Amino acid sequence: MIYSMTGFGKSQKEIQDLQIRVEVKSLNSKFTDIFCRVPKSLSAKEIDIRNYLTQQLERGKMELNLHLQKNNENVEQSILPQGQIATYFTELKRFASELGISTIDENALYLQAMSMPSLNASDHSQDNEEEIEALWKVVFEAVQEAVKECKEFRAREGKVVEEKFREYIAAIKSGLAQVLEQDKIRMPGIRERMRNALLELGLKEDFDKNRFEQEVVYYIEKFDISEEKVRLATHLDYFIEILEEGNGKKLNFMAQEIGREINTIGSKANDSTIQRLVVNMKDELEKIKEQTANVL
């Protein structure tokens with residue numbers, strides 16, 4: 001079974017009054033290219049997310065977006081403890097009054113309160129770490145669900161691509177079968193064309209028959225495509241076998257080998273009918289190459 005590199009998955013979870021949304025997208029790429037957009041509060045977990053994406057999705061251009069929302073607002077805007085801010089604000093107003101400051105800018109005091117460090121930094125640090133770990137557990141579950149959905153999307157796309165591959169290979173096999181039929185009448189035709197050419201040059205029927213037969217044999221060997229026909233048929237069968245393995249790189253390699261044999265048949269055949277068949281086979285092969293670029 002083959003998998004497409006194109007996929008999409010999403011997941012949504014809730015923890016207390018916090019909404020967690022994860023979206024995973026993947027596109028085709030020769031290499032593993034990962035872009036993650038995560039909130040600052042979970043930036044330390046980005047490496048874990050990247051490692052998980054690499055392990056599960058293997059290859060492609062991947063993008064993960066993680067959104068945390070609280071009361072329809074980004075949670076990053078409300079990570080300071082409100083009770084502590086209120087305490088700072090009250091204390092700053094009291095200090096201002098004791099210092100005899102008559103005009104107090106409460107907005108400025110509030111901004112100052114938000115920027116002050118915690119009086120119990122160690123306690124709050126421990127609480128925050130525990131909260132972040134609890135949050136991360138739920139977030140990672142959401143990431144797993146989104147990646148699973150993305151893989152299922154890839155599998156569905158892979159089935160469609162596999163059916164297309166089989167259609168394209170069948171079309172090339174049909175073209176090869178017609179080449180085999182045309183090849184049966186091509187060789188006698190070469191001999192007859194050579195004989196007619198000699199007559200057109202004014203030579204009589206009594207020219208050296210032995211020399212003529214030697215030349216015919218030479219050109220028949222030169223135009224012989226027996227090996228190419230056998231190799232092309234073998235490559236086409238092997239391509240179908242690789243579909244069961246689900247190896248995109250092997251498929252791409254075999255597509256190149258198939259193209260090499262088709263091109264050789266076209267260059268050696270010296271036959272207009274076979275040339276037309278070769279053009280049709282190359283057209284089907286181009287479709288295969290386009291699809292192999294998107295196979296995992």
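**Salt bridges, a buried serine and a pocket**

Reader: In which helix do Arg166 and Glu162 both lie?

Author: Arg166 and Glu162 are 4 residues apart, about one turn of the helix. Helices are DSSP runs of H or I with at least four residues, strands are runs of E with at least two, and both are numbered from the N terminus. The element that holds both residues spans residues 121-200 and is helix α4.

Reader: Before we go on, what kind of model is this?

Author: Residues are numbered from 1 along each chain as its sequence is written, and side-chain values use heavy atoms, leaving out hydrogens and water. Local features need pLDDT of at least 70, side-chain atom pairs count only at pLDDT 80 or more, and totals for chains, interfaces and linings use all residues, as this is a predicted model.

Reader: How many salt bridges does a search of the whole structure find?

Author: Side chains of opposite charge can pair when their charged atoms come close. To count as a salt bridge, a side-chain nitrogen of Lys or Arg must be within 4 Å of a carboxyl oxygen of Asp or Glu. Arg166 and Glu162 give one example, at 3.0 Å from N to O. For the whole structure, the search comes to 17.

Reader: Is Glu162 buried or exposed?

Author: Buried means under 20% relative accessible area, exposed means over 50%, and partly exposed is in between (1.4 Å probe, protein chains only). Glu162 has 14%, so Glu162 is buried.

Reader: How many residues apart in sequence are the parts that Glu244 and Arg166 tie together?

Author: The side chains of Glu244 and Arg166 meet in a salt bridge of 2.8 Å, N to O. Because Glu244 lies in helix α6 (residues 226-245) and Arg166 in helix α4, the pair ties together parts whose separation in sequence is 78 residues.

Reader: Which helix holds Lys268, the salt-bridge partner of Glu228?

Author: The side chains of Glu228 and Lys268 meet at 3.3 Å, N to O. The pair links distant parts of the chain, 40 residues apart, with Glu228 in helix α6 and Lys268 in residues 248-269, helix α7.

Reader: Which residues are linked with Arg231 in a network of salt bridges?

Author: Arg231 is found in helix α6 and is partly exposed, at 32%. Glu228, by contrast, is buried at 6%. The network joins Arg231 to Glu227, Glu228, Glu261 and Lys268.

Reader: With which side chain does the side chain of Ser11 make a polar contact?

Author: Ser11 lies in strand β1 (residues 7-15) and counts as buried at 8%. A polar contact is a pair of N or O atoms within 3.5 Å; within protein, one must be able to donate a hydrogen and the other to accept it, and residues adjacent in sequence count only if both atoms are side-chain atoms. At 2.8 Å, the partner of Ser11 is Glu145.

Reader: Which helix gives the most to the lining of the second largest pocket?

Author: On a 1 Å grid over the protein atoms alone, a pocket is an open set of points where a 1.4 Å probe fits, with protein on both sides within 12 Å along at least five of seven lines; lining residues have an atom within 4 Å of a point. The lining includes Gly248, Lys249 and Asn252. Both α7 and α8 (272-292) supply at least two residues. With 3 residues, the helix that gives the most is α7.
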